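Please keep the sequence and the structure in view while reading.

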Number of protein chains: 2
Amino acid sequence: MSCEVNNLKFNADGLIPAIVQDVRSKEVLMLAYMNAESLHKTLETGETWFYSRSRQELWHKGATSGNIQKVKEVFYDCDADALLVMVEQQGVACHTGEKTCFHNRVDGIKENQDVQGNCSQVRNQTTD
Amino acid sequence: MSCEVNNLKFNADGLIPAIVQDVRSKEVLMLAYMNAESLHKTLETGETWFYSRSRQELWHKGATSGNIQKVKEVFYDCDADALLVMVEQQGVACHTGEKTCFHNRVDGIKENQDVQGNCSQVRNQTTD
């Protein structure tokens, strides 16, 4: 166990957000939460473990789907209250079958000229 | 304003975590939080606005430092409770002067052979 881990700031629920990024493609795959125990398991096993807020239990990513994440590097931010986990993703990251959980695009950014009228189109794309 | 925004799930404090990624280098720059108002401002202005949990106020990234983030795309995840904001970063993202807030590395991953003894080295690196 690395000593830096003791300096991390977990929130009132004992959790810290963990961004998971593909080490090769650099795609951001997902955002999940770790408690101290799941972080320890992640570092000890070299595979990602999270804490499921809905199920209130530890969650070994890929244990049932086979979509394991092999951990290559872990970083923490300047406030020590967020993690960035660089992984080799086996299969896909998202339970929907998409490569990344961030496959839904928000329209309506100022620079876009066609802000209006794109909602249904985007909505359809995101329900594939 | 895009209609998808109405489907987002803000937490009990009215916040949603927003991962900020450099659209060119693909580096993850920071994790910050938005409330509905800061998300609206982000979409309306094409620059990132966050909600500062410590100062309890809206925060226009780069307003004082000049390190503005020009928003190119925004994605939300499969649970609709996290955002990924793709930006062109002007200057650096981190208040420490580092390009990214995630410049501190956690040692101690199973695959590393030299887990022990690296703490002080990494500690020194991270206090630059």
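## Confidence in the model

The structure is a predicted model. Its scores are ipTM 0.86 and pTM 0.86. Chain A has a mean pLDDT of 86, and 84% of its residues reach 70 or more. In residues 112–128 of chain A, however, the pLDDT is below 50, and this stretch has 18 contacts in the model beyond near neighbours in sequence.

## The make-up of chain A

Chain A contains two helices and seven strands. Along the sequence, these elements of chain A follow the pattern β-β-α-β-β-β-β-β-α.

Of the 128 residues in chain A, 51% are buried. Among the contacts in chain A with a separation of 6 or more, 41% are between residues 24 or more positions apart.

## A sheet with strands from both chains

Strands of a sheet pair through backbone hydrogen bonds, and the pairing may be parallel or antiparallel. In this model, five strands form an open sheet with mixed pairing, in the order β2(A)-β1(A)-β6(A)-β5(A)-β7(B). The edges are β2 of chain A and β7 (104–106) of chain B; each has a single partner strand, so one side of each is left without a neighbour in the sheet. From one strand to the next, the twist averages 30 degrees.

Strand β5 (residues 69–76) of chain A and strand β6 (residues 83–89) of chain A run antiparallel and are joined by seven bridges. In this pair, V74(A) stands opposite V85(A) in β6(A). Helix α1 (residues 36–45) of chain A packs on the sheet, where it touches β2, β5 and β6 of chain A together with β7 of chain B. The direction of helix α1 of chain A makes about 125 degrees with that of β2(A).

## The hairpin of β1 and β2

Strand β1 (residues 16–22) of chain A pairs with β2(A) in the antiparallel sense over six bridges. One residue of the pairing is P17(A), whose bridge partner in β2(A) is Y33(A). The hairpin has five residues between the strands, and in it K26(A) takes a positive phi near 70 degrees.

Is strand β2 of chain A largely enclosed or left open by the rest of the structure? Seven of the seven residues of this strand (residues 28–34) are buried, so strand β2 of chain A is largely enclosed.

## A buried glutamine in chain B

Q69(B) belongs to strand β5 (residues 69–76) of chain B. Its relative accessibility is 0%, and Q69(B) therefore counts as buried. Leaving aside residues up to four places away in sequence, Q69(B) touches several others, including V20(B), L29(B), M30(B), F50(B), K61(B) and V87(B). Between the C-alpha atoms of Q69(B) and V92(B) the distance is 9.5 Å, and the two residues are 23 residues apart in sequence.

Key:
Residues numbered from 1 in each chain as written. Chains lettered and ligands numbered in written order. Predicted model: local features only at pLDDT ≥ 70, side-chain atom pairs only at ≥ 80, totals over all residues. Heavy atoms only, no water. Helix = DSSP H or I, 4+ residues; strand = E, 2+ residues; numbered from the N terminus. Buried < 20%, exposed > 50% of the residue type's maximum accessible area, 1.4 Å probe, protein only. Contact = heavy atoms within 4.5 Å. Pairing = 2+ DSSP bridges. pLDDT = per-residue confidence, 0-100. Axes fitted to C-alpha atoms, helices over the stretch in contact; angles between N-to-C directions.
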